[in-house]
Amino acid sequence: MKLFCFPYAGGLPTIYYGWKRGLSPALLEIDPFEVRPTLQSDGMVLFTSFYEVLEDVYKRISPELEKEPFAFFGHSMGGLIAFELTRKLLQNGEPLPQHLFLSASRVPHAYHKLEKTYNLPHNEFIESLRTVGGTPHEVLDNQEILELFLPTIRADFQAVQTYEMNNELPQQIPVNMTVLFGKEDSIEFQDIVAWRDYCGRECKFFPMPGGHFFIHHQMNPILAIIQDTLNVERTVAIRAQS
């Protein structure tokens with residue numbers, strides 16, 4: 001099985017590179033997916049609408065989904081992408097992930113609560129990034145690197161902070177879900193447990209030590225949850241076939 005991993009807003013797929021060493025590739029292949037605009041002849045296209053980002057991801061990932069069983073893991077914005085991508089696949093009658101792992105992700109109907117920071121002046125936006133966390137200090141303190149990454153970070157933040165759920169697509173998806181959340185995260189608990197309303201099958205919850213970016217400090221426990229969950233589902237599927 002292949003596990004496609006989507007990073008948080010402003011994050012790079014490199015956050016998942018260490019996971020490849022933590023799991024046996026014979027059991028599960030980790031694919032850190034690049035949630036970024038594609039390079040065009042006239043330069044980089046910065047999508048500022050969530051659904052533009054989703055459409056771009058959908059076009060690039062679709063050819064990979066026909067080859068083998070797969071699952072999705074997404075942290076924060078990555079979780080929203082994983083969920084909305086699954087809804088799009090369901091709408092189009094395409095193969096669905098065998099499992100959805102949502103990490104530090106609030107439910108879609110709660111995104112209106114997000115503070116709008118993407119349009120702040122430069123210095124205020126940088127300070128907001130320091131407060132939120134997730135962006136390395138090496139980036140925030142280096143002007144050259146900052147100028148390189150800042151437009152993409154702003155675009156990601158705008159895509160998330162202006163997101164509104166498309167109610168024309170199915171709300172519930174027939175996929176088992178695992179929801180991981182930080183015990184000290186600022187996301188309201190009610191906006192975590194409400195994922196049950198979007199899951200048409202089994203939905204499990206795992207509290208994790210830390211805040212919104214616990215993903216950087218809890219790799220081994222997260223990988224254990226992923227591996228145990230998929231092993232159980234694999235065993236159930238084998239028994240059902242025999």
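**Salt bridges and a helix crossing**

Tutor: Start with Glu84 and Arg87: they form a salt bridge, closest N and O atoms 3.0 Å apart. The term means a side-chain nitrogen of Lys or Arg within 4 Å of a carboxyl oxygen of Asp or Glu. This is a predicted model: local features need pLDDT of at least 70, side-chain atom pairs 80 or more, while totals for chains, interfaces and linings use all residues. Numbering runs from 1 along each chain, and side-chain values use heavy atoms, without hydrogens or water.

Student: Where do Glu84 and Arg87 lie?

Tutor: Both sit in helix H3, 3 residues apart, about one turn of the helix. Helices (H or I, at least four residues) and strands (E, at least two) are DSSP runs, numbered from the N terminus.

Student: Is Glu84 buried or exposed?

Tutor: Glu84 is buried, at 0% relative accessibility. Arg87 is buried too, also at 0%. Buried is under 20% relative accessible area, exposed over 50%, partly exposed in between (1.4 Å probe, protein chains only).

Student: Why do such pairs form?

Tutor: Side chains of opposite charge can pair when their charged atoms come close. Lys113 lies in the loop between strand E6 (100–103) and helix H4 (122–132), and Asp191 in helix H7 (residues 190–193), so the pair ties together parts 78 residues apart in sequence. Lys113 is partly exposed, at 37%; Asp191 is buried, at 4%.

Student: How many salt bridges does the structure hold?

Tutor: It holds 12. Lys2, Glu29, Asp31, Glu64, Lys67 and Glu68 are linked in a network of them.
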